[in-house]
Amino acid sequence: MAARSLRRLGALLPAAGKAGTGSLYCRGSPCAFSTAAQQRSTGDECGPEEPSEEPKLALSDCALEHKAIKLEEQVRDLTERYRKALADSENVRRRTQKFVEDAKLFGIQSFCRDLVEVADILEKTAESAAGHAGPSDPNPALKKIYEGLSLLEAKLQSVFAKHGLQKMNPVGGRYDPYDHEIICHVPAEGLQPGTVALVTQDGYKLHGRTIRHALVGVAVEAQE
């Protein structure tokens with residue numbers, strides 16, 4: 001029984017040696033050497049070389065250059081924005097300063113408009129007193145009133161000038177729609193057409209700005 005089993009095992013071993021890839025069988029020895037494992041290990045040792053690092057370095061330099069270009073563009077953009085913001089802030093500062101200065105100069109504009117009406121009344125009263133207090137009038141009181149009104153009118157005009165409020169004297173000058181308002185036309189007798197011939201109400205300027213237009217009559221050519 002044992003001899004039969006050994007013969008059967010001996011017949012199977014050569015067949016297995018032929019069917020195995022790269023396997024050698026040594027008769028009389030229980031060891032078998034496989035060349036396939038040796039080939040695999042040799043193949044692993046003699047495999048392809050590792051890729052070179054030069055392409056990686058080239059890609060890295062290209063990425064850094066691209067980043068540098070983007071950063072330069074951002075710096076230019078931020079610099080331009082900063083300059084614009086600086087210019088805008090300077091314009092706002094100047095406008096604010098101009099607004100404050102105008103507020104100081106023209107803050108009394110409404111008050112001046114009301115005050116010049118008082119000056120008109122004072123001037124008309126002084127003219128009326130002057131008509132009655134002539135040289136032939138023996139009334140000394142009326143003469144004193146006229147002198148007092150004249151002094152008061154002169155002082156008021158002095159205060160006006162101190163604060164930048166000035167009366168216009170347009171008679172004989174060219175008509176200016178920004179300063180004058182036409183209420184009538186008069187024949188040009190010794191005047192150039194288009195010039196102011198008479199004033200029915202004085203105009204006033206506050207620091208060069210017209211706060212009340214002068215009511216004037218403009219000379220025109222006489223029609224024959």
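Which side chains meet in a salt bridge at 3.3 Å, N to O? In this predicted model, the partners are E90 and R94. Both residues belong to helix 3, which spans residues 54–106, and they sit four residues apart, about one turn of the helix. Side chains of opposite charge can pair when their charged atoms come close. With a cut-off of 4 Å between a side-chain nitrogen of Lys or Arg and a carboxyl oxygen of Asp or Glu, the count comes to eight salt bridges.

A record also has something to say about this part of the chain. In an unreviewed UniProt entry, residues 68–95 are annotated as a "coiled-coil region".

Two packed helices are described by the angle between their axes and the distance between the axes. For helix 4 (residues 109–132) and helix 5 (residues 140–162), the axes come within 9 Å and cross at roughly 150°. Angles over 145 degrees count as roughly antiparallel, and helix 4 and helix 5 are therefore roughly antiparallel to each other. The crossing of helix 4 past helix 5 is left-handed. Helix 4 contributes L115, V116, A119, L122, E123, T125, A126, A129, A130 and H132 to the contact, while helix 5 brings L142, Y146, L149, L152, E153, L156, Q157 and F160.

Key. Residues numbered from 1 in each chain as written. Predicted model: local features only at pLDDT ≥ 70, side-chain atom pairs only at ≥ 80, totals over all residues. Heavy atoms only, no water. UniProt positions renumbered as here; feature names shortened; annotations may be inferred. Axes fitted to C-alpha atoms, helices over the stretch in contact; angles between N-to-C directions. Helix = DSSP H or I, 4+ residues; strand = E, 2+ residues; numbered from the N terminus. Parallel < 35°, antiparallel > 145°, perpendicular 65-115°, else oblique. Left-handed = near helix turned anticlockwise from the far one by under 90°. Contact = heavy atoms within 4.5 Å.
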